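Work through the exercises below with the model open. Each task is followed by its solution.

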Amino acid sequence: MIRLPLAAPRQSGPGPSSRRELAFGRCARAAGTRCSRTGTGVLLAVVLGACGAPADEGGIRAAGTGASDLEHFEVGELARTAQRENRVSEFGDGLLDDIGARLSGLPSGEAAQDWVEARFREFGLDRVHQEPFDLLAWDRERAEFTVVESASGLEGRLGILSLGHVGSHEVEGPLLDAGFGTAEEIRELGDAVRGTVVMVDVSSPPGYGRGVHRTEKVTLATEAGAIGFLQVNNREGDLVPIGVATMGDVPTEIPAVAADLATGTRLREALDAGPVRVRLEVENWMERTTASNVLGEIRGETDEVIVIGAHLDSWDLAQGAVDNGSGSMAVLDLARALAAHVERTGERPGRTIRFALWMGEELGLYGSRAYVEARLADGTLDRHVATLNLDVVGAPVGLGAMGRSEGNTLLASIRDVLIDAGFPLEEELSEGGGLYSDHQPFLTRGVPVVTVRSRQRPEAAGVSHTTADLRSVIDEEGIAATAAVSAALVWILANVDPLPYRHWSEGEIGERLEALGVRDPLERAGEWRWE
């Protein structure tokens, strides 16, 4: 690894694509950058007046491009090559069309694990293997929602679907509209919640400041004495938004189901006319079993590790294309691209780049939690210097790091190179973050979480966890571009020294998480360990 002098902030106006280009090789040595290793090791630098190249008007010299002048590899070209040679559509054929829905602990999930392992071996990754973990597997069987009595005359069965980690229940009681189901709304309703089937909107109140996850809403309703839970979509069409109902490794205490907007509208109109009494019957299968994360890596020259992950599992209603076939395909193509770069150039990264396709995410982040807990136990988590999680991926929009600004100079340099290479990234470097995806176990242990923001096609809005989560709505060209941008970002992070990010101390973790606004949901899930 090498010492990296960072580029100045990006200037407005056009310029040659070589400006502020991050380069590898002899030219950076000529710039006076110290290389900490020899042989085929990679040297990463911003070329600052070296190799006899002419200076541009910003005082930064453009790197020479002739093979006789220097040996270098531009990061922008790495990204362009990755995009040009992408195999995203091919991965979609195998993962989405041939396998389809991928449930953890069930045959479809096992088929996906084996398929990914075969791709990793095909790429020539090191230490390819499946790493098993225990989980509470779940599969749907039957769910019925019946209006027993209403002043409006609405009666009979209405269409619903069970949420995940809901077992077998039969309850009957009055229906209560609890708005969005937030802590404030449940608190205001007080004793009125007890003994009712609570109905809530799937979204969060405008201006609330953060999204309120369904698991929070189920927990709040249960603690307030509700006997059942109904989540209603806020989007037009016959889309029923499912998902896991508890982040714990146990079933819910009450039946929890979901309905489309039309069903919710009918129920709200009935409530406007007077009391509504409903019966909720649910039967599902659950069993303790195992699933496996699929891991492979490009070994580096130190024991430091960067983890790039995406969850491989999905829900059962469709192909799981948006959530998270898109992220899985991006990680696969990223792994392919960097493995091909190593094969083509003979270069090895300074840090190990580890690719992880997680299982069990949809049922409560089982796979990533198991990975982090295992590395805590064996004492190697402190060697994990950064992680990138790709969950629901489209065309790349920008870079960032959760709760961190100390790496913004580096990220700005990378962004500028990628913009010059033809990737239209936003200037803003995001520092926000949330929970409920596979970065969470790393974030709550202080591991730096870098981000690549992306944008879905309009057709993909609201389809996650529904019957419309199909390949036809994803942006495969955008996924390939995000994989390319991520490849450039990861290659730089694997080689720059010093890396501008460090683990937060135990005390800092709580402070930073509170600043990110995630204390309340962590407390509700029983995962807040700070005073």
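**Exercise 1.** Find what the buried residues of α4 pack against.

Step 1. This is a predicted model, in which local features need pLDDT of at least 70, side-chain atom pairs count only at pLDDT 80 or more, and totals for chains, interfaces and linings use all residues. Residues are numbered from 1 along each chain as its sequence is written, and side-chain values use heavy atoms, with hydrogens and water left out.

Step 2. Locate α4 at residues 107–123; helices (H or I, at least four residues) are DSSP runs, as are strands (E, at least two), numbered from the N terminus.

Step 3. List its buried residues (under 20% relative accessible area, 1.4 Å probe, protein chains only): G109, A112, Q113, W115, V116, E117, R119, F120 and F123.

Step 4. These buried residues of α4 pack against the helices α3 (88–99) and α8 (321–345) and the strands β4 (126–150), β11 (276–298) and β13 (352–358).

**Exercise 2.** Compare the reach of α4 with the expected value.

Step 1. Take 1.5 Å times one less than the number of residues; for the 17 residues of α4, 24 Å is expected.

Step 2. From first C-alpha to last, α4 reaches 25 Å, close to that value.

Step 3. Just after α4, G124 has a positive phi of about 85°.

How values were computed. Buried means under 20% relative accessible area, exposed over 50%, partly exposed in between (1.4 Å probe, protein chains only). Contact means heavy atoms within 4.5 Å.
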